[in-house]
Amino acid sequence: MAILNHFATACWKNMQGYRLNKQLFVFLRALHKSTAREEFGISAAGEKAMPERLTTPADVGKKTRLKTLKEMPGPSALSNFIEFFWRDGFSRVHEIQMEHRKKYGKIFKSRFGPQLVVSVADRDLVAEVLRAEGVAPQRANMESWKEYRDMRGRSTGLISAEGEDWLMMRSVLRQLVMRPRDVAVFSDDVNQVVDDLIKRVAILRNQESDGATVLNVNDLFFKYAMEGVAVILYESRLGCLENQIPQETQDYIGALHLMFSSFKTTMYAGAIPKWLRPVIPKPWEEFCFSWDGLFKFSSIHVDKRLAEIKAQLERGEEVKGGLLTHMLITKEMSTEEIYANFTEMLLAGVDTTSFTLSWACYLLARHPQIQQQIFTEVTETLGPGAVATADDVPRLPLIRGLVKETLRFFPVLPGNGRITQDDLVVGGYFIPKGTQLALCHYSTSFDEENFGDASDFRPDRWIRKDSTDRVDNFGSIPFGYGIRSCIGKRIAELEMHLALTRLIQKFHIGVSPLTTDVKAKTHGLLCPAAPIHLQFIDREN
Ligand code: HEM
């Protein structure tokens with residue numbers, strides 16, 4: 001199959017487990033197709049030629065004619081071009097989502113050159129799409145990522161892999177990190193990183209004349225998130241929160257910044273046709289250069305642990321360890337696949353978590369009463385000065401609500417993608433297989449139907465009053481939903497819950513006079529459009 005790159009194919013042939021997975025994949029896919037056909041009333045033959053009167057279960061009674069994409073409203077290709085390329089729409093994707101939702105309704109189409117995108121901006125329609133997913137959903141076209149990996153003889157990881165490759169890796173990783181109890185064991189490791197975060201706050205604020213302000217808190221949280229995710233993934237400390245950051249860690253941070261700060265460049269790397277690369281070489285060169293740096297870093301740390309394990313085994317010692325040790329010993333993935341997955345997980349786990357922490361502290365600073373309420377919950381639940389672990393988090397509903405509400409206000413991925421793998425009916429429209437969908441999480445997060453007084457910051461809206469109270473809904477799914485949702489959700493939550501609990505215990509967080517109203521901008525991810533400077537004032541014990 002085309003989706004197997006040559007490296008993964010070689011691994012495939014070598015491992016019995018993969019063969020089982022392939023059979024499983026074929027079986028599940030066939031099963032899914034037949035169920036989908038039944039659900040939508042599509043005959044096997046009808047799949048090829050578009051049936052004129054394809055019906056959804058809801059439409060059956062009404063005998064409604066399905067509408068075609070042609071009939072779907074949306075901005076013209078020209079206005080879209082002007083919006084994005086002339087008015088810098090790429091940094092306002094979230095706002096444009098809201099504007100288009102208002103103007104065109106719950107489902108609309110946009111054209112980006114030859115690419116047609118159908119945007120779904122309604123909670124129930126998003127649910128319809130995600131609930132109809134197959135066994136290996138596809139997010140977007142990852143051709144440029146795959147091309148780099150083929151060129152360098154590298155494997156794909158969870159983000160870039162598709163089909164059987166993805167399913168195999170996902171089934172290995174989901175058993176290790178998807179449940180809260182899987183990551184609870186990392187509480188102590190993460191808490192050591194939190195200790196360093198608190199010390200770093202003290203060092204940074206002492207450098208300012210008021211002795212209270214930490215400038216650009218995202219810089220601090222970036223280092224915390226990187227150290228936190230690495231302590232879980234690589235089982236080692238990187239020194240991000242030290243005064244002197246080790247050179248290899250600095251190189252990695254440089255590569256990561258290049259990947260994101262040159263977001264447009266890396267995006268163009270995928271968009272510029274290959275034949276134009278000799279004329280415009282920079283985007284592709286930078287893209288490859290940053291990936292080289294990211295892979296190199298992962299390889300160093302994976303190899304280091306591998307060497308330690310070998311030495312321990314040679315000495316006849318029992319090998320104990322965390323995630324990486326488990327993967328290296330069980331060999332459920334090849335070493336190349338481990339490099340690729342750890343590279344992609346580290347990439348996915350740093351900015352996402354740090355932006356959310358920055359926004360959470362910013363929102364706390366702007367809502368002192370809510371901050372006080374959460375402080376009271378924390379001190380009453382834990383007792384003064386106690387260090388929270390993962391086991392305490394269920395008893396801190398406002399801390400969990402704080403993270404959820406922050407992600408509703410600022411979903412790091414303001415929109416998520418899916419390429420339909422079968423013909424689909426959404427909102428009365430026939431969507432052919434292979435269509436790129438954009439699920440508009442930002443606009444559904446502010447929809448009054450989903451969240452009353454949506455523009456109010458209220459972490460307590462996430463607290464259940466009783467077991468029948470349904471506070472979660474498809475209006476805000478910042479980690480995605482279903483089989484292709486964020487694999488690092490529990491890791492990110494652990495890092496954020498433990499850090500926020502401790503910060504709130506230790507400091508009163510206030511807005512610095514240097515910071516006014518900070519807006520969000522889209523830069524691949526939804527991030528602060530300006531640096532956030534905050535004051536961290538010691539609370540009296
Ligand atoms: C606040 C923090 C985070 C947010 C909001 C977030 C959000 C997301 C979202 C929305 C997706 C796409 C889900 C979908 O398509 O349905 C995703 C995928 C992913 N995330 Fe996260 N993420 C966060 C942290 C992390 C962390 C800490 C890691 C790694 C340790 C991670 C690793 C990944 C990976 C590997 C994928 C791809 C999964 C796949 O395709 O199977 N993320 N994340």
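Reader: How many helices and strands does the chain have?
Author: This is a predicted model, in which local features need pLDDT of at least 70 and side-chain atom pairs count only at pLDDT 80 or more, while totals for chains, interfaces and linings use all residues. Residues are numbered from 1 along each chain as its sequence is written. Helices (H or I, at least four residues) and strands (E, at least two) are DSSP runs numbered from the N terminus, and the chain has 20 helices and 11 strands.

Reader: What percentage of the residues in the chain is buried?
Author: A residue is buried if 20 or more other C-beta atoms, placed from the backbone, lie within 10 Å of its own, exposed if 12 or fewer, and partly exposed in between. Of the 541 residues in the chain, the buried ones make up 40%.

Reader: What share of the contacts with a separation of 6 or more comes from residues 24 or more positions apart?
Author: Two residues are in contact if their C-beta atoms, placed from the backbone, lie within 7 Å. Among the contacts in the chain with a separation of 6 or more, residues 24 or more positions apart account for 73%.

Reader: Are H16 and H20 roughly parallel or roughly perpendicular to each other?
Author: Axes are lines fitted to C-alpha atoms, for helices over the stretch in contact, and angles run from 0 to 180 degrees between N-to-C directions. Helix H16 (residues 335-366) and helix H20 (residues 489-506) pack at an angle of about 30°, with their axes 10 Å apart. Angles under 35 degrees count as roughly parallel, over 145 as roughly antiparallel, 65 to 115 as roughly perpendicular and the rest as oblique. H16 and H20 are therefore roughly parallel.

Reader: How do the residues of the contact of H16 with H20 divide by class?
Author: On the H16 side the contact is made by Gly349, Thr352, Thr353, Thr356, Leu357, Ala360 and Cys361, and on the H20 side by Ile491, Ala492, Glu495, Met496, Ala499, Leu500 and Leu503. Ala, Val, Leu, Ile, Met, Phe, Trp, Tyr, Cys and Pro count as nonpolar, Asp, Glu, Lys and Arg as charged, and the others, Gly among them, as polar. The residues of this contact divide into 9 nonpolar, 4 polar and 1 charged.

Reader: How is H16 oriented relative to H18, and which classes make up their contact?
Author: H16 packs with helix H18 (residues 397-409) at an angle of about 100°, their axes lying 9 Å apart, and that makes H16 roughly perpendicular to H18. Thr356, Trp359, Ala360 and Leu363 in H16 meet Leu402, Val403, Thr406, Leu407 and Phe409 in H18. By class, this contact has 7 nonpolar, 2 polar and no charged residues.

Reader: Which element gives the largest share of the shell around the ligand?
Author: A residue is near a molecule if its C-beta atom, placed from the backbone, lies within 6 Å of it. Of the 26 residues around the ligand, Gly349, Thr352, Gly480, Cys486 and Gly488 come nearest, and the elements that give two or more residues to the shell are H16 and H20. By class, the shell has 14 nonpolar, 8 polar and 4 charged residues. The largest share, 7 residues, comes from H16.

Reader: Is lysine 331 buried or exposed?
Author: Lysine 331 is placed in the loop between helix H15 (323-330) and H16, and has a positive phi of about 55° although it is not a glycine. Most residues other than glycine have a negative phi. Because 11 other C-beta atoms lie within 10 Å, lysine 331 is exposed.

Reader: What is the phi of asparagine 216?
Author: Asparagine 216 lies in the loop between strand E3 (213-214) and helix H11 (217-233). With 18 C-beta neighbours inside 10 Å, asparagine 216 counts as partly exposed. Its phi, a positive value in a residue other than glycine, is near 40°.

Reader: Which residues is methionine 72 in contact with, leaving aside its neighbours within four places in sequence?
Author: Methionine 72 is found in the loop between helix H3 (57-62) and helix H4 (77-86), and is buried, with 20 other C-beta atoms within 10 Å. Leaving aside its neighbours within four places in sequence, methionine 72 is in contact with Lys67, Ile107, Phe108, Lys109 and Tyr429.
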